[in-house]
Protein chains: 2
Amino acid sequence: MFAPPIARLIRELQRLPGVGEKTATRFALHVLKAPSNEAQALANALVEVKEKIRPCSACFQLTEADPCELCRSPRRDHRAVCVVEDQASLLAVEKARTYFGLYHVLGGHLSPMDGVGPEDLKIRELVDRVRTQGVEEVILATNPDVEGEATALYLKRAIEPLGVRVTRIARGVPVGGDLEFADALTLGRALEGRREY
Amino acid sequence: MFAPPIARLIRELQRLPGVGEKTATRFALHVLKAPSNEAQALANALVEVKEKIRPCSACFQLTEADPCELCRSPRRDHRAVCVVEDQASLLAVEKARTYFGLYHVLGGHLSPMDGVGPEDLKIRELVDRVRTQGVEEVILATNPDVEGEATALYLKRAIEPLGVRVTRIARGVPVGGDLEFADALTLGRALEGRREY
């Protein structure tokens, strides 16, 4: 139905997460209607991001400069390393504005079913970093799901022998939530994790 | 928080319809994770679509060839012209697979509030086409909203003097709908438009 260049654009747009044919078509028709420089700017941004952005050689977050801004910052606490699965998690922690240490982006979680073992994540690099960079606390902020917990456990066992403090972010009821709607597992963890008040 | 090239990509992605900061960030992180050739393919498709796609000089639908495939097709009924507001409407009518004539894409609807007058739409071109191309029926398929109805009325007055049949798509209850939930206006139109059974 569409001319080949439009069909191609719709097909490429469908690779974006959560974008089906209908949304891709809407995007494509928008691009066709919009001024040429808008499409060109998006095309340039796509190419530029792949050319210029690399993982930081220290923490593996995505960065233009290497080491990244955070790893170079004298205002961050270099004795703390927060381990996250991916860039999106790092961003979420940064947005909370309560953590001012460094990060370590694993690049995923352990998942034997999908063939992801320790050597596929930046675990050796984390251990090296903890051993040589004066790290005093490693905060495990992998996702609170099965794979994230398994990954956290693996990391704890790999890092504890180095004699640094290993902590795990609290699992509990979300702020603003309602106990009535909390699932049993979360509520159980919230009770386990109770603190003096 | 993000390196400038990532921030730029997120900003450009936010121009797509219905894409806010959160979705744009998800798209950008996906692009960063995906192989380079995927980002390059999308960038190329964006540039190509703007370079190669033009409005058909006869019906103004978006096309690579001019006149477009539909306008050149001997299998379409060249005596019927279905007038739509935009490419998305044309696509919707095509998908119904019950119409086999030609189209005329107006490029919007009359909207004095937004400064869109008859000279901003392809109305003169439609009248010329009807006058000179042996058109026998003009089907007004502008949207069933206030602006679409006003545009249809304007077109009816412009085309009727030429002595061709002017029709309007039926307004009524949607197929598969429930009368209980039909709004009064639609139900009123459905009753007005009733036919022998």
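Predicted model: local features only at pLDDT ≥ 70, side-chain atom pairs only at ≥ 80, totals over all residues.
The strands it crosses belong to an open sheet of chain A, in which four strands follow the order S4-S3-S5-S6 and pair in the parallel sense. At the edges of this sheet stand strand S4 (101–105) and strand S6 (165–168) of chain A, each of them pairing on one side only, and from one strand to the next the twist averages 25°.

The pairing in chain A can be followed residue by residue at one end of that order, where strand S5 (residues 137–140) runs parallel to S6(A) and is joined to it by four bridges. Leu140(A), for example, has Arg168(A) as its bridge partner in S6(A). Helix H6 of chain A, residues 123–132, also packs on the sheet, where it touches strand S3 (77–84), S4 and S5 of chain A, and its direction makes about 155° with that of S4(A). Within this helix H6 of chain A lie both Arg131(A) and Asp128(A), three residues apart, or about one turn of the helix; the two form a salt bridge whose closest N and O atoms are 3.8 Å apart, which falls inside the 4 Å limit applied to such pairs. Over all chains, the count of salt bridges by this rule comes to 22.

Turning to chain B, one finds an open sheet of four strands in the order S4-S3-S5-S6, with parallel pairing. Strand S4 (101–105) and strand S6 (165–168) of chain B each have a single partner strand, so one side of each is left without a neighbour in the sheet. The twist in this sheet averages 25° from one strand to the next. Strand S5 (residues 137–140) of chain B pairs with S6(B) in the parallel sense over four bridges, and here Ile139(B) has Thr167(B) as its bridge partner in S6(B).

In the model, 49 residues of chain B are in contact with 49 residues of chain A, and the area buried between the two chains is about 4,500 Å², of which carbon and sulfur atoms give 76%. Met1(B), Leu46(B) and Lys50(B) supply 14% of the area that chain B buries against chain A, which is more than any other three residues.

Across the interface, 10 residue pairs are found in polar contact, with both residues at pLDDT 80 or more. On the side of chain B that touches chain A, at least two residues each come from helix H1 (4–13), helix H2 (21–33), helix H3 (36–52), strand S2 (62–63) and helix H5 (87–96) of chain B. H3(B) gives the largest share of that side, with 14 residues, and by residue class the side divides into 30 nonpolar, seven polar and 12 charged residues.

Methods. Residues numbered from 1 in each chain as written. Chains lettered and ligands numbered in written order. Heavy atoms only, no water. Contact = heavy atoms within 4.5 Å. Buried area = accessible area lost by both parts, 1.4 Å probe. Polar contact = N/O pair within 3.5 Å; in protein donor to acceptor, adjacent residues only side chain to side chain. Nonpolar A, V, L, I, M, F, W, Y, C, P; charged D, E, K, R; others polar. Pairing = 2+ DSSP bridges. Axes fitted to C-alpha atoms, helices over the stretch in contact; angles between N-to-C directions. Salt bridge = Lys/Arg side-chain N within 4 Å of Asp/Glu carboxyl O.
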